[in-house]
Structures are given as structure tokens and as C-alpha cells.
Amino acid sequence: MADSGNEVLTDGFHLVIDALKLNDINTIYNVPGIPITDLGRFMQAEGMRVLSFRHEQHAGYAAAIAGFLTKKPGICMTVSAPGFLNGLTALAHATTNCFPMILMSGSSEREIVDLQQGDYEEMDQLAIAKPLCKAAYRILHAEDIGIGIARAIRAAVSGRPGGVYLDVPAKLLGQTMNAEAGANSLVKVIDAAPRQIPAPEAVKRAIDVLKGAKRPLIILGKGAAYAQADDAIRAIVEKSGIPYLPMSMAKGLLPDTHPQSAGPARSLVLKESDTVMMIGARLNWLLSHGKGKSWGDQPKKFVHIDIEPKEMDSNVEIAAPVVGDIGSCVEALLDAMGDDWKAPPKDWTDAVYAKKDANIERMAPRLQNNNVPMDYHGALGALRTIIAERPDSILVNEGANTLDFARSIIDMHKPRKRLDVGTWGVMGIGMGQAIAAAVETGHPVLAVEGDSAFGFSGMEIETICRYNLPVCVVVFNNGGIYRGTDVNPTGGADVAPTVFVKDARYDKMMEAFGGLGFNATSPDELKRAVNEAMDSGKPALVNAVINPEAGTESGRIGNLNPQSVVAKK
Ligand code: ADP
Ligand code: MG
């Protein structure tokens, strides 16, 4: 506030800050620069936590996952044009994954941009953002900051959550207005994500479908994890007696060791089930669109719980759509199940759990191997024990083989402890997610990263060290993308397109910024290093030397690669 003559003034900078704080938004993920540098400084001065990144994409991934973890929009703040574009990938990612996030970007002079007269970092950011997010707004007048921010918050978190773009022209920040009028213009968003109660007839229809099931299955998705209706979800799984399959970020909603988990019998339950209740999961590519070979010949009936009505029948017919928020829907279903609910036929559940036990038994010895160089099973077997002993830790996971193996090998024990590549299977989320997870929850983070995946966000380990966050990064270093063994068929000097520097020491990067570095060549060494790192609570990086021959092309989704008719050389 400034005093001009008799009038007390405020400005755009401070109205943005006051509007965010009024709505309990106190953390900003940003990269400073024109025109938002001072905004970040003023935010910090006003008691907000302002975390500066080295690249906007990682600030954006941090904001997106903060939204997932807290049900409040994570805020990413960037400079104009190039900074905005760098953040845009994360905004689109947030929208695709149904995470609430606001990308707030500074922008150049409207009048010059619209006449295309070549301003500093000229770009029509609003138009470019629009197709990639749930809503996009621009604020032109200081007196509209309150309503503009309120609108952005509500758009991000209500209904199906998603990304919102908020355009903040440089000129807006410097605009002044009467301080009292400014304070009165702020808007506190009441009930930002109102409950959405399902229709009673939809609930009854769902119960009837479930009652008719001989081989029922429940699939939990990351929407169920987001909803934070953990007790109700556990109650419906247990009361129904139905085996359940968690999608990767829904792992731990019930502990993976739960007797009703069908995770290790995934192929069988997808093929053989006759009725599937989806809770906050989509029938997209990750579930083969609900049809085809992996779903078997058995005709299926689907019950689908989702907040987004358009999601129903998106891929296959839904016998019982239940539209509403997951907490309300699951509670209504629990109610309607009554006191005389019958468990599913025993021959079905016996078959599922027999298959699961057999698969677990088959896997067990491989997870205990102490091979040097390490394979995925030996290395992940060690990390699996560490997560079991530290169930509050958050696991961040990306890569190809590193992702696919870790998802099935590492059991999760509590809700929202596994963060990963999400709906797109995108590489580069690692350090952004690790930072936000540590900042938002205060819990230690273990980031298990393929060497290629780590490269997308590796510079952010400086950010991790700067804020002294309890993040232990483990780089699964097999010297390449998928594998480290490809050769250039021409015999030329360049290595093959999928190959990196041999025997790289990623741990030295962490040491460069004052963190702890470890090199681990066996599962025992890996276990010791990670335990020491996590006990220290300091930033650490473990270079885990993996056999370059251990991976497979594209991990488990090699089938998505097109095939050439011309033979490979
Ligand atoms: P997964 O990849 O784990 O299968 P998806 O991201 O595909 O999960 O699906 C999540 C679904 O959850 C989306 O369709 C989204 O609309 C829905 N969703 C998110 N939050 C809620 C909520 N609070 N209540 C109901 N549905 C929700
Ligand atoms: Mg690799």
C-alpha cells in the first residue's frame, strides 16, 4: 500500500497476492523474469512460499501434482511467450490428468500484441492456451483481479478438475487503485468444488447390476485417490467382497498387500470378470479402451462412477453410469447395499486369489537376486523393502522399464504415495513432482528414475539442494533409452540414437550442489545407500548401475511402436 496525497493506494501486484492468500493459496512454483520478478519478491515478502525452478516445465509439473495432492489448484508462474510455452506442456498435462492447476503467465502489451507490432516476447498467449486447458482468462483491470482469480480457482477444482490459464499483462501489475476499494474487490471462493450427489435411480441401477454379477471386479483410478474419500472407498471394497485392481496412482488407496487386491492377477481379472465397477478411472488406452484381447471374450457390464457425465460411454456401453463426486457416490452405494449384501461367488474369488498367490510366489526369488550388474528385479526388490519400511514416503517414478517394473514390484501402503507419468506416460515429471511432493506433504521422497527420464528434469536437483528438500533420487543407469546396447549399423562414429555416455556418474551432479552422492553396483549397496540417504533427510542421488542389456524396447508398451516393412539392418 502506498500513500498518494490523502488516498491510500494498492496495485496489481498486491491485489494478486491478496486474492491468492484470501483463498488459502500460499505456495507458488515459478521461474522469475520479466514481468513477474517483482511479483515473486512481493509474494515472498508477504509470507508466501515462492519456489523458483530452473525451467518452467518443472515448475508446472510441480504445480500440477501439488493440485493432485491437495485438491487446491497448484500455481505455476512464468514469464511471457517462451516461459509461457515452457509451462504450457505441464498445463496440458494437468488437464489431461484431471489435476487442478493454474498457469499464471506475464504477458506483453495487449495493444501491440493484437496489432502484431513486434513487442518484447510478443504472443497471443490466451488464444494459444485455450485449447489446452479447461478454461483461460485474462485480467485487464486491477479491479477485476479478485473476480479473475476466483474464477480461475473455481474452474480448476470444480467438476472434473483440470488446468486453467490466467493471463497477467505486465501493465496490470503496475495499475493502482484505492486500497479500500481494492480490498473490497477481492473474492473468497465459497465451496469451490461443491459435492455432486448422484441420482437415487442411478445408485439403484448400479446396485442391481452388481447384484447380478458372478465375477465382479472393482477398478480404482487416480480420480479415486484425488477424491480423498479413502475410508468410504476402503469400506465399499471390503463390504462388497469384490476383488479390486488399482491403476498406478491409485495404488495404496488400500494397501497393495490387502487380501482383496487383484493387482498381481491383472490379466486374469480383466479377461474373466463379467461386471466391472470403475471408480475414478477412465477406459482409455491404459485399460485398452475396455475391449479387445486383454478384456477376453466374456461380455462385460460396466458400472462407472465419475464426476464427468461425458466420460460415460466414451469407449464402451456403460450399464450403470453413476455421475457425481466419488465420496458422495461411494457413500450412496454403501447405503444402498444394505445389511444383507452377499459376497461374490467363492469360485470366482478363489480363482483370483490363487492366481495372485502363484504370481507372487513366482516373482519372489527374482526380487531377491543380488546380481552384479543389477537387473531391474534385484534393484527394485531392494527398493520395495525400503518403501515397506517407510510407508509414509512418497514414491515418484518415471522411465520405461524403470516405470513398468517398479509399478508392479513396489507395493504401496498408503493413499497418494505413488506419483508417476500419468495419462500420457510423459517423461520429465520426475524432479518437479519430487519437489512438490516434499514441499506439500513434508514427507520424504524417493524418486526412482530411468537415466533417460531423469535427463529431462535433472537440472532441478539444484532446486532440490537450494531448498534442502528430503528427496532421494535413484537413477537406474543402464546407459541408454530402453537399453544401453544398441550399435550404429553403419559403423560410423556416432553412437546409436538410443545410447548415452557409458559409465556416467549421475551422483557427481548431486555432489556439485552440495547434496549426497552414492554409486551402487549391487542390490545390497543400493539398499544401504538409499537407507543412508533417507535417514539423513538431505538431498541425495544414487547412481544405480543397471545391466545395459536388462531393459526391453519401450518397456511394456512396445506394441505401440509402428513396424516397418523394410527389415532392420
Ligand atoms: P487412471 O489413469 O488412474 O485410470 P484417470 O485419470 O484416467 O485415472 O481417470 C480419473 C477420473 O476420475 C476422471 O474421469 C475424472 O473425471 C474422475 N474424477 C476426478 N476427481 C473426481 C472426483 N472427486 N469425483 C469423481 N470423479 C473424479
Ligand atoms: Mg535407461
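Analyst: **Salt bridges and their surroundings**

K171 and E109 are joined through their side chains by a salt bridge, N to O 3.4 Å (a side-chain nitrogen of Lys or Arg within 4 Å of a carboxyl oxygen of Asp or Glu). K171 belongs to helix α8 (residues 170–174) and E109 to the loop between β6 (101–107) and α5 (110–114), so the pair ties together parts that are 62 residues apart in sequence. Helices (H or I, at least four residues) and strands (E, at least two) are DSSP runs, numbered from the N terminus.

The model is predicted: local features need pLDDT of at least 70 and side-chain atom pairs count only at pLDDT 80 or more, while totals for chains, interfaces and linings use all residues. Residues are numbered from 1 along each chain as its sequence is written, chains are lettered from A and ligands numbered from 1 in the order in which they are written, and side-chain values use heavy atoms, with hydrogens and water left out.

K171 is partly exposed at a relative accessible area of 47%, and E109 is partly exposed at 33%. Here buried means under 20% relative accessible area, exposed over 50%, and partly exposed in between (1.4 Å probe, protein chains only).

The salt bridge count comes to 21. One of them pairs K188 with D24, with 3.7 Å between the closest N and O atoms. Parts 164 residues apart in sequence are tied together by this pair, because K188 lies in the loop between α9 (179–185) and α10 (200–211) and D24 in the loop between α1 (12–22) and β3 (27–30). K188 has a relative accessible area of 40% and is partly exposed; D24, at 41%, is partly exposed as well.

The salt bridge between D256 and K251 has an N to O distance of 2.9 Å, and both D256 and K251 are buried. R54, E462 and R466 form a network of salt bridges.

W285 sits in the loop between β12 (275–279) and β13 (301–306) and is partly exposed, with 33% relative accessibility.

Ligand 1 is surrounded by 19 residues, the closest being R160, K222, R282, D306 and I326 (a residue is near a molecule if one of its heavy atoms lies within 4 Å of it). Helix α11 (residues 222–226) gives the most to this shell, with 3 residues. A nitrogen atom of ligand 1 is 3.2 Å from a polar backbone atom of I307, and a nitrogen atom of ligand 1 is 3.0 Å from one of I326. On its own, ligand 1 has 580 Å² of accessible area, and the protein covers 96% of that (Shrake-Rupley method, 1.4 Å probe).

Helix α11 is also among the elements that cover the buried residues of α12; others include β10 (216–220), β11 (244–246), β12 and α14 (326–337) (contact means heavy atoms within 4.5 Å). The buried residues of helix α12 (residues 230–240) are D230, A232, I233, I236, V237 and S240.

Key. Polar contact = N/O pair within 3.5 Å; in protein donor to acceptor, adjacent residues only side chain to side chain.
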